[in-house]
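Hi there,

Here is the structure I promised to send over. Have a look at it first, and then read on for what turned up when I went through it.

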Amino acid sequence: MTIQEVFSSLESEWKGTNRLNLSFLPDPIFESPSTAKAVKRMNGQCLEIAYTWVYEGEQHEGVILITGSGKDNSVSAFWTDSWHSKYVLMECKGDISDEGVLNVMGHYSVPGHPEWGWRTEIVPGKDSFKYLMFNVSPEGEEDWAVETVFERA
């Protein structure tokens, strides 16, 4: 799939279930309802996905803005979330697979430690998509942080 085909397939309103994994807790999985709205921007050059989810009764929101030239498989994105990356726009770089899976990685600071990675996958389906986020340690070990499965609203 081309980036434009992926953007067109995702442009819609969505609802789903967000699963937050706080692996350091004894009961690490927190589920909540989630919504998303994906809109093509800049004459179809970018896709904006704005989403909501809930943690401990408080609503949170996030947004990712994705672009790719379509001349190769490279993709760029900016991402932020009111809980995960408060007050920070994370720059991410990655690619799109032949199947249309968007895979981007950004980095964030941890005081007193090397930077950590934050990898995001967007996996389009026929009338659904998965939004997956992973913490990546400085050593390259991944731990899933968020999994949201969306269906068209």
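**The largest pocket**

Strand β10 is the main contributor to the lining of the largest pocket, giving three residues. Please keep in mind that this is a predicted model. The pocket holds about 430 Å³ of space. It is lined by 22 residues, and those closest to its centre are His84, Tyr108, Trp118, Asn135 and Ala145. Besides β10 (142-152), the elements that supply two or more lining residues are β1 (12-21), β7 (102-108) and β8 (116-124). If you sort the lining by class, you get twelve nonpolar, seven polar and three charged residues.

**Core and cavity**

In soluble globular proteins, nonpolar side chains tend to be buried together. Here the largest nonpolar core has 32 residues, and Ile49, Ile66 and Tyr131 touch the most other members. Strand β3 (residues 46-55) gives the most to this core, with five residues. Leaving aside residues up to four places away in sequence, Ile66 has contacts that include Phe7, Leu47, Ile49, Val75, Leu102 and Ile122.

Ile66 also turns up in the lining of the largest cavity, together with Ile64, Leu102, Val104, Thr120 and Ile122. That cavity has a volume of about 30 Å³, and the structure holds one cavity of 30 Å³ or more. At least two of its lining residues come from each of β4 (58-67), β7 and β8. By class, the cavity lining has five nonpolar residues, one polar and no charged.

**Salt bridges**

How many salt bridges does a search of the whole structure find? The count is eight, and a few of them are worth a look on your screen.

- Arg19 pairs with Glu147, with the closest N and O atoms 2.9 Å apart. This pair links distant parts of the chain, as Arg19 is in strand β1 and Glu147 in strand β10, 128 residues apart. Arg19 is partly exposed, at 25% relative accessible area, and Glu147 is partly exposed too, at 23%.
- Arg119 and Glu121 meet at 2.5 Å, N to O, and both residues are buried.
- Asp127 and Arg152 meet at 3.0 Å, N to O. Asp127 is partly exposed, at 43% relative accessible area, and so is Arg152, at 30%.

Happy to talk any of this through.

Best wishes

Terms used: Residues numbered from 1 in each chain as written. Predicted model: local features only at pLDDT ≥ 70, side-chain atom pairs only at ≥ 80, totals over all residues. Heavy atoms only, no water. 1 Å grid on protein atoms, 1.4 Å probe; cavity = no way out; pocket = protein on both sides within 12 Å on 5 of 7 lines; lining within 4 Å. Points joined across faces, edges and corners; volume = space filled by probe spheres on them. Helix = DSSP H or I, 4+ residues; strand = E, 2+ residues; numbered from the N terminus. Nonpolar A, V, L, I, M, F, W, Y, C, P; charged D, E, K, R; others polar. Core = buried A, V, L, I, M, F, W, Y, C linked by side-chain atoms within 4.5 Å. Buried < 20%, exposed > 50% of the residue type's maximum accessible area, 1.4 Å probe, protein only. Contact = heavy atoms within 4.5 Å. Salt bridge = Lys/Arg side-chain N within 4 Å of Asp/Glu carboxyl O.
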